[in-house]
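Here are some friendly notes to read alongside the model. Keep the structure open beside you and look up each residue as you reach it.

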Amino acid sequence: MIKKVLTQEIRTISILKRMYRCTDIYGTVMKIILLGCCMALFVQCDKGPSPPLNPIEALSSFVLADEDLKIELVAAEPLIQDPVAMAFDESGRLWVVEMLGFMSDINGTSEEDRVGRISVLFDDDGDGLMDRGQVFLDSLVLPRAIAIIKGGALVAENIPLWHVEDTDGDLKADKKNLIDPTYGGRGMPEHSANGLWRGMDNWYYNAKSAYRYKQVNGRWTKEETEFRGQWGIVHDDAGRLFYNYNWSQLHADLVPPNALGRNKNHIPSSGIDHGLTLERKIFPIRSNTAVNRGYVPGTLDEQGRLLEFASACGPLVYRGHALPDSYKGNAFVCEPTANLVKQNKITEEGFMLSAQAVYNDREFLASTDERFRPISLASGPDGALYVVDMYKGIIQHGPYMTPYLREVTLNRNLDKPIHMGRIWRITTKNKSPQNKLPVLSKASSKMLVSLLGSPNGWTRDTAQRLLVEKGEMIAADLKEVLEHGTPLAQLHALWTVEGLGLGSEALYLPSLKSKDPWVVQTALRLLTDLKTNATGVREQITRFIAEEYDYASPVVQMQMVLVSDHIPSHVAFDIASRFLSEFGQLPVARDVVMSSMTDRESELFTYLQSLPEWESYNQHREIFIEMLATAITNSGNETAIETLLTMVGSHPNNETLWIKDAVVN
C-alpha cells in the first residue's frame with residue numbers, strides 16, 4: 001500500500017513540478033508537496049468514505065462513453081483553486097475564475113471575504129499542460145464569470161460587473177471601471193447573473209438575467225432583453241442562444257433576441273426559453289447521496305445514484321474541430337451533483353429545435369470520484385472541449401444546506417479539504433494534438449478576416465471580436481467574404497460589418513441571394529435595423545419577401561414575418577396568413593405574427609375573416625383570434641375595439657360563430 005501511494009504521489013509531483021518550474025515560488029511549493037506526500041502515507045492508508053484524489057488518480061476515475069476519445073489534465077491545484085469558469089484569450093493564455101470564498105466550510109462562513117481571483121495560466125512549452133500562472137485580479141467576492149476583451153476583461157463579481165483593464169501589458173489589473181453595480185442581483189451564486197457570453201450579434205448575454213451589455217464608442221450600454229437560464233449561456237453556429245436550469249437541462253432561443261417583444265399590445269409566451277427536451281434522466285456511475293432531497297423517494301435509486309438532473313449547468317454547443325465531425329452541434333450539459341457530463345444531439349426541423357440524449361444507458365463523461373464537479377464547459381483555440389472541475393466536496397450553497405445534506409456531507413468528510421480544482425481537456429485519440437495554438441493577437445486585420453471561416457468556432461468568434469475591437473475600416477475585405485466566403489464566414493462577416501458600424505444596404509442586400517438560410521435571415525435582420533428611411537431599401541425588402549416567400553426555408557419565412565412591420569400591410573397580411581396556415585399549430589409561430597402587427601391587429605382581424613379557410617374552426621385559429629382580440633383591447637384604441645365588437649356581432653352564419661366565442665371568451 002505504501003509503495004503504491006508513493007508511486008502515485010511521485011507521478012503527481014512530476015506534473016505539479018512542471019506547473020511551477022518557471023515561478024519564483026518553486027522551492028516553497030515543492031516543500032509543500034513533499035510534506036503532502038508524507039501525510040498521504042498515513043491518510044491514504046486509511047481513506048475515508050470519499051477521499052480526495054490527486055490528478056493522476058482522478059484521471060483513472062473517468063469513464064468516457066466514446067472509446068476513441070481521451071481526457072487529459074490541463075491544470076490542477078495549487079496552480080488553480082475552486083475554478084468555476086474559464087476563457088482563452090487571443091494569445092492562447094487561459095484565464096480562470098476562482099471562487100475561493102464559496103462554502104469554505106459546512107456553514108459557508110467568511111463568504112464575503114475578498115479571496116476570489118482571476119488567474120492567467122501559461123503553457124510555455126506548448127504541450128497542453130499549463131506550466132505557470134499569475135494573478136490578474138484578486139480581492140474579489142465570489143467572482144463567477146469572465147469575458148476577454150481588448151486590454152483586459154469583463155468580470156462578474158458577487159454583485160457588481162466590472163470592466164477591468166491592464167494598461168501596461170503586464171497581465172495584472174491596474175484599472176477597474178464599474179459597468180453595473182446591480183448586475184448580480186441578490187448575489188447568491190446559483191441564482192444571480194452570470195455567463196458574460198459574447199453573442200454573434202456583438203452583445204454580451206447573461207444567464208439568470210434580463211439584461212445584455214455592449215460597448216459603443218467607448219461606453220458600456222445596458223439594455224433589457226429576455227430572461228434566460230440559470231448558470232451558463234452559449235450560442236451555436238447560427239448564433240442561437242442556449243442555456244438551462246438546474247432541473248431542466250437544455251433550453252434555447254428559437255427567434256432572435258428582442259424580436260418578439262416589439263408589439264406593446266401583446267405579451268409573447270414562446271420563442272425564447274424553449275425547452276428542447278423533457279428528458280431528465282441521468283446515469284451516474286457512483287452513489288450520489290450527498291444531494292439535497294436525497295431522502296425523498298424517487299430521487300436516488302437502490303444504489304444511491306441520482307436518477308434525474310438536480311444541478312444542470314454550464315451548457316456548451318460544441319463548435320470545435322478536435323473531436324470527430326459527428327460531435328459538431330451537439331450540446332453538452334454539466335451535472336456536478338452526479339459527477340457527469342451529458343451529451344445531446346440537437347435536431348432541427350424548420351425553425352424548431354429539439355434534443356435527444358446520445359446515449360440511452362450511460363453518459364458522455366462520468367466519474368467514480370465524488371469530488372469531480374464539472375461546473376462549466378468551454379471551447380479552446382485547439383478545438384478541444386474543456387471541462388472546468390471545481391473539485392469540491394460541498395457543492396450546495398449554504399442557504400440550501402438541509403439537515404439531511406449536512407449530516408451526509410459530514411459523514412462522508414466532504415467538507416474538507418478545500419481549495420482544490422482542475423481543468424480537463426477532451427480530444428480524440430485519432431488525431432495528433434494541436435499543441436501550438438494560433439496567436440491571433442499578432443494577426444493582421446486581413447488575416448483575421450480570413451479566419452472568419454475557420455472550422456473552429458472559438459477562432460471565428462475571436463477573430464470577429466478582435467476585428468470589431470480594432471475598429472479598422474475594412475469594408476472591402478469583408479465585402480469579398482460576403483460575396484465568396486463560406487456560409488459561416490459570411491455570417492460572421494455580416495456581424496463584423498454591424499459591429500464596426502459599416503452597415504449599409506450595399507453590403508447587406510446582396511446577402512439576400514445567399515443559399516444559406518442563416519445568412520439570409522441575418523441580412524434581413526440587419527437591413528431592417530439600419531437607421532435609414534430610404535424608400536428604395538424598403539421597396540427592395542418588400543419585393544424580396546413577396547417574390548421569395550414561397551421558396552424560402554422556414555427559418556427565412558419566419559424572419560420575413562418578423563420584419564413585416566417594415567412593409568405594406570397587404571404584403572404583411574398575406575405572408576402572415578400563409579405562415580399561420582403552415583405553422584399556426586406552433587405557439588412560437590403565433591407570437592411571431594403578433595410581434596409584427598403593432599396597431600394593425602384590427603386590420604389583420606378583418607383580413608383573416610375575409611379568407612375562406614378562416615370560416616372553418618380549428619383550435620389554433622381560435623387561439624390566434626383570442627390573441628388578436630386581446631391585443632386590440634390592450635391597445636386602448638376605441639375605434640378598433642368598436643370595430644371588433646361590430647364585426648363579431650354581425651356574423652351571418654353558424655359556421656363562424658366560433659370567432660364570436662373566441663373574442664367574447
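1. A quick word on terms: on a 1 Å grid over the protein atoms alone, a cavity is a set of points where a 1.4 Å probe fits but cannot get out; a pocket is an open set with protein on both sides within 12 Å along at least five of seven lines; and lining residues have an atom within 4 Å of a point. The volume of the largest cavity is about 750 Å³; here a volume is the space filled by probe spheres set on the points, with grid points joined across faces, edges and corners.

2. Please keep in mind that this is a predicted model, in which local features need pLDDT of at least 70, side-chain atom pairs count only at pLDDT 80 or more, and totals for chains, interfaces and linings use all residues. Residues are numbered from 1 along each chain as its sequence is written, and side-chain values use heavy atoms, leaving out hydrogens and water.

3. Which elements supply the lining of the largest cavity? At least two residues each come from β3 (83-88), β7 (145-149), β11 (194-198), β15 (233-235), β19 (313-317), β24 (374-379) and α6 (457-470). Helix α6 gives the most, with six residues. Helices (H or I, at least four residues) and strands (E, at least two) are DSSP runs, numbered from the N terminus. By class, this lining has 22 nonpolar, twelve polar and five charged residues. Ala, Val, Leu, Ile, Met, Phe, Trp, Tyr, Cys and Pro count as nonpolar, Asp, Glu, Lys and Arg as charged, and the others, Gly among them, as polar.

4. The second largest cavity has a volume of about 180 Å³. It is lined by 17 residues, and Ala238, Gly239, Arg240, Pro257 and Arg525 are the closest to its centre. Helix α10 (residues 517-529) provides the largest share of this lining, three residues. The lining divides into ten nonpolar, three polar and four charged residues.

5. Now for the largest pocket, which has a volume of about 1200 Å³. Of its 42 lining residues, Asp201, Trp203, Lys214, Trp495 and Glu498 lie nearest its centre. Elements that each supply at least two lining residues are β12 (204-207), β13 (209-216), α6, α8 (487-499), α10 and α12 (554-562). By class, the pocket lining has 18 nonpolar, twelve polar and twelve charged residues.

6. How do helices α13 and α14 pack? Helix α13 (residues 569-583) and helix α14 (residues 587-595) make an angle of about 170 degrees, and their axes are 9 Å apart. Axes are lines fitted to C-alpha atoms, for helices over the stretch in contact, and angles run from 0 to 180 degrees between N-to-C directions. The two helices are therefore roughly antiparallel (under 35 degrees is roughly parallel, over 145 roughly antiparallel, 65 to 115 roughly perpendicular, and the rest oblique). In their contact (heavy atoms within 4.5 Å), Ala576, Phe579, Leu580 and Phe583 of α13 meet Ala589, Arg590, Val592 and Val593 of α14. These residues divide into seven nonpolar, no polar and one charged.

7. Some backbone details deserve a look. The peptide bond between glutamate 77 and proline 78 is cis, with omega about 5 degrees, and proline 78 sits in the loop between β2 (69-76) and β3. Another cis bond runs from lysine 416 to proline 417, with omega near 0 degrees. Asparagine 202, in the loop between β11 and β12, has a positive phi of about 75 degrees although it is not a glycine.

8. Finally, a word on confidence. The chain has a mean pLDDT (the predictor's confidence in each residue, from 0 to 100) of 90, and 89% of its residues reach 70 or more. Over residues 1-14, pLDDT stays under 50. Where pLDDT is low, the predicted coordinates should not be read in detail.
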